[in-house]
Amino acid sequence: VLKITRTSELHGGQWNESWGQRTFDAKIHGGVKILQIDRGGEIAVYRQPRVEMGSVDMQSAAYKSFMRKVRASGEEFWDSDYAGDQVGVLLDAKGEYVLRPIKGKGGKILEDEDGYPRMGPVIVLVDYPSVALPGEHP
């Protein structure tokens with residue numbers, strides 16, 4: 001997916017090189033190009049994998065695991081009352097959910113009643129500025 005973002009609208013007014021690089025971010029493919037636009041200012045142009053927005057169940061084990069990962073990084077998610085426009089479910093090239101084993105609070109992989117690992121969708125952060133060090137939020 002091609003993304004185009006006006007850098008003046010980003011937190012701090014510029015692109016942060018860590019966005020798209022952290023373990024919980026939707027990864028950036030091929031780097032970020034900062035381009036000057038005719039009417040003044042600049043835009044960041046980059047590619048991300050497909051992410052389905054608005055489908056994240058904030059009560060799901062996968063979502064709670066994602067938020068634990070954010071907290072463990074030393075950062076915080078500043079708009080946790082509604083994550084639907086900031087986090088999403090990662091899709092593969094065919095548009096299918098990318099799945100991975102779900103871990104419990106102790107880090108152990110949870111199992112279904114048949115003994116197979118319980119699989120859940122991969123949740124990623126798309127709106128990178130929504131995660132920052134405490135006190136650095138807009």
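1. How many bridges join strand β2 to β3, and do the two run parallel or antiparallel? Strand β2, residues 29-36, is joined to β3 by 5 bridges, and the two strands run antiparallel; strands are taken to pair if DSSP finds at least two bridges between them. Please keep in mind that this is a predicted model, in which local features need pLDDT of at least 70 and side-chain atom pairs count only at pLDDT 80 or more, while totals for chains, interfaces and linings use all residues. Residues are numbered from 1 along each chain as its sequence is written, and side-chain values use heavy atoms, with hydrogens and water left out.

2. On the overall layout, the protein chain contains 1 helix and 10 strands, which follow one another along the sequence as β-β-β-β-α-β-β-β-β-β-β. Helices (H or I, at least four residues) and strands (E, at least two) are DSSP runs numbered from the N terminus. The C-alpha trace spans about 60 × 40 × 20 Å along its principal axes. Of the contacts in the chain with a separation of 6 or more, 60% are between residues 24 or more positions apart, a contact being heavy atoms within 4.5 Å.

3. Of the 138 residues, 36% count as buried, where buried means under 20% relative accessible area, exposed over 50%, and partly exposed in between (1.4 Å probe, protein chains only). There are 18 positive and 20 negative side chains, and the centres of the two sets lie 4 Å apart. Lys and Arg count as positive and Asp and Glu as negative, with His and the chain ends not counted, and the place of each charge is taken as NZ of Lys, CZ of Arg, CG of Asp or CD of Glu.

4. Returning to the strands, β3 is also joined to β1 by 5 bridges, again in an antiparallel arrangement. Within these pairings, Lys3 stands opposite Tyr46 in β3, Lys33 has Val45 in β3 as its bridge partner, and Gln36 stands opposite Glu42 in β3.

5. The hairpin formed by β2 and β3 has 5 residues between the strands, and Gly40 in its turn has a positive phi of about 90°. Gly41 lies in this loop as well, and counts as partly exposed because its relative accessibility is 46%. Not counting residues up to four places away in sequence, Gly41 touches Leu35 and Gln36, whereas its C-alpha atom is separated by 20 Å from that of Trp19, 22 residues apart along the chain.

6. Thr7, in the loop between β1 (2-6) and β2, counts as buried because its relative accessibility is 2%. Leaving aside neighbours within four places in sequence, Thr7 is in contact with Gly13, Gln14, Trp15, Ile34, Glu42, Ile43 and Ala44.
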